[in-house]
Amino acid sequence: MAPSHETMDGTDVYGPGTFIDKIVLPVPQDAHRVFEYLAAQTPFFTQAKSAWNTVNFEGHPEPMIPGPIKAPVVAAALHAMCGIVANELLELRDGKPLNESNVTVNTDHAGIWLGATFATSINGSDISTRARSGQMSSLFDRDFEQGFGKGIAGRTTAIYQTKDPKVWYQLHGSLDAKQTLESMGIDSSVTFDTPREYYDYIQKHVRGWSPDELEMHNVRHGLCGSICYTPDAWRKTEFGRQLGKHPLVNLTQESYACPTPAVELPRVVDDRRPLAGIKALEMVRIIAGPTIGTTLASFGADVIRVNCSRLADLNVLQLVLNAGKRTIDLDIGKQEDMDRLHELLADVDIFVQGFRYGSLERKGLGLLSMLKLAAKRNKGIIYVDENAYGPDGPFAERPGWQQIGDAASGSSYIMGRSQGCANNECVLPPLPISDMTTGLVGALAAMLAVKERAVNGGSYHATSSLVAADLIALEKEVGLYPLDVVQQTNEKFGFLPIKPDQFVSEIMIQVIDGWKKGLPGCLDDDSPLMMTFEKTPWGRQTLLRPVVKLGDAKATPTWTTPAVPNCYHDRNISWH
């Protein structure tokens with residue numbers, strides 16, 4: 001049974017709509033408690049307490065990231081849920097109970113996983129060191145960044161004070177900062193010597209806009225951005241109320257579609273992992289979407305990632321988020337490439353898309369189109385949408401990135417309050433928490449759908465959203481750490497203050513520095529949390545292992561192939 005949990009109103013500390021733990025539980029115990037809370041509200045997840053009791057959480061008792069938000073606790077709980085579904089899939093496939101059905105999750109591992117995109121090294125040199133010394137670009141033959149992050153673009157995505165001095169706004173350059181800046185009348189060609197000068201230049205212009213003017217401007221132009229809400233203010237918006245109607249793991253069976261029969265789980269020789277033989281295709285960018293595919297790949301799925309080489313992405317993310325995948329280059333604006341895509345889709349089990357909600361529907365790749373494909377082939381499909389604001393409501397089709405989830409949910413506001421910032425100054429959470437959590441939720445939903453399809457047939461739709469991924473950690477039932485605990489964590493790890501002008505990767509490097517101090521050896525090549533591929537397109541690579549351990553060691557998630565660059569394989573590859 002999960003330990004009892006009480007909170008108190010946190011308005012005076014972290015702002016309206018926040019809740020602070022009265023008693024701080026050790027992290028593994030807290031993870032077990034949050035696991036049971038999430039398990040109880042997740043569609044299609046087993047409600048058998050005997051299954052829940054197979055989970056074991058281990059790790060240090062103290063928090064390990066800056067701020068009061070319990071992101072590692074939530075991540076550990078979600079990983080454990082994936083582990084339980086994995087064991088259910090093994091039992092379904094084998095037709096008998098497992099001899100060892102336990103699931104083990106190390107909460108330190110789950111916390112570091114939130115920064116996994118920078119928890120890797122190439123030829124003995126870790127990514128944070130390479131980033132500091134400007135050696136990142138030498139790793140990549142093809143520049144997917146296309147100038148992103150250089151000059152003024154590097155500070156277009158930041159948090160700015162508005163005309164109302166107590167309201168801050170998350171400006172976002174998306175992957176085209178010039179468009180964002182020039183739509184606001186800001187000269188994108190200016191040059192300065194330091195990042196802070198670029199920030200101050202943009203701040204001077206943004207301070208002339210009210211929060212609502214900025215919001216309407218971005219809606220009108222189809223751009224990213226969000227007011228930095230308090231949790232209470234977000235929940236009172238119409239879009240907040242709409243999102244609040246859905247569970248975090250938002251999975252539905254599309255019962256109105258043409259019925260399709262149960263699909264027997266495949267068996268693959270010499271691969272005991274629970275998703276071995278399941279085919280997944282993803283059309284995604286940046287972090288949240290690719291995390292879905294790389295998580296499924298760790299559980300054994302055959303994952304093909306479709307990129308378009310003319311679209312921008314962040315180079316560093318290929319190093320970790322393509323682990324276990326094959327990647328190809330297709331431009332669906334070309335008929336021959338669309339035809340090739342449909343050849344792959346003809347036998348796909350899971351389709352993951354991370355573009356603006358509804359955009360692929362207009363190209364014949366939306367949910368309804370895929371349901372027609374499922375009916376035609378008489379085999380159900382699992383359709384996973386990764387987006388910012390959820391499946392419906394007035395903001396459903398609005399674009400968004402990690403920072404938008406942080407601003408809208410209230411996470412950035414809480415982080416600012418936790419550091420004693422004046423004038424309601426807001427700062428980013430310390431890691432791409434909403435991105436990584438969104439990816440994990442999408443993978444969990446897909447695994448649940450594979451199980452349901454194997455038993456009941458049919459097709460399934462999951463929506464995993466960035467704002468929802470942030471909001472779950474702000475619920476009363478989860479709670480926030482008190483300020484004294486936040487301060488103790490900062491002292492243990494030597495975490496530096498976070499500033500509103502910082503980009504997420506800059507903050508991540510500081511956090512990884514802290515982990516090296518507070519959890520010595522955790523990221524070393526010989527750490528039990530790490531795994532190494534001797535030969536990859538980049539050389540010898542060490543990266544963080546998948547978090548979940550199953551009782552059956554041969555079925556425990558792992559990657560059997562290393563990460564590869566985007567657009568790496570021949571476009572005519574076939575499913576394994």
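This note goes through some ring pairs, charges over rings and helices of the structure above.

1. The model is predicted, so local features are given only where pLDDT is at least 70 and side-chain atom pairs only at pLDDT 80 or more, while totals for chains, interfaces and linings use all residues. Residues are numbered from 1 along each chain as its sequence is written, and side-chain values use heavy atoms, with hydrogens and water left out.

2. Rings of Phe, Tyr and Trp (its six-membered ring) pair if their centres lie within 6.5 Å, and planes under 30 degrees apart count as stacked, over 60 as edge-to-face and the rest as tilted. By this rule there are 15 aromatic pairs. One of them joins Phe192 and Tyr198, whose ring centres are 5.3 Å apart and whose planes stand at 80°, so this pair is edge-to-face. Phe192 also pairs with Tyr201, with centres 5.6 Å apart and planes at 50°, so that pair is tilted.

3. A charge sits over a ring if NZ of Lys or CZ of Arg is within 6 Å of the ring centre and within 35 degrees of the ring normal. Arg398 lies in this way over the face of Phe395, at 4.8 Å from the ring centre, and Lys70 lies over the face of Tyr481, at 5.4 Å from the ring centre.

4. Helices (H or I, at least four residues) are DSSP runs, numbered from the N terminus. Helix α4 (residues 71–94) packs with helix α18 (residues 433–456) at an angle of about 20°, and their axes are 10 Å apart; axes are lines fitted to C-alpha atoms over the stretch in contact, and angles run from 0 to 180 degrees between N-to-C directions. That makes α4 roughly parallel to α18, a term for angles under 35 degrees. The contact (heavy atoms within 4.5 Å) involves residues including Leu78, Val85 and Leu89 of α4 and Leu440, Leu444 and Met447 of α18.

5. Helix α12 (residues 288–298) is mostly covered, as 11 of its 11 residues are buried, among them Pro290, Ile292 and Leu296. Just after α12, Gly300 takes a positive phi of about 115°.

Notes. Helix = DSSP H or I, 4+ residues; strand = E, 2+ residues; numbered from the N terminus. Parallel < 35°, antiparallel > 145°, perpendicular 65-115°, else oblique. Buried < 20%, exposed > 50% of the residue type's maximum accessible area, 1.4 Å probe, protein only.
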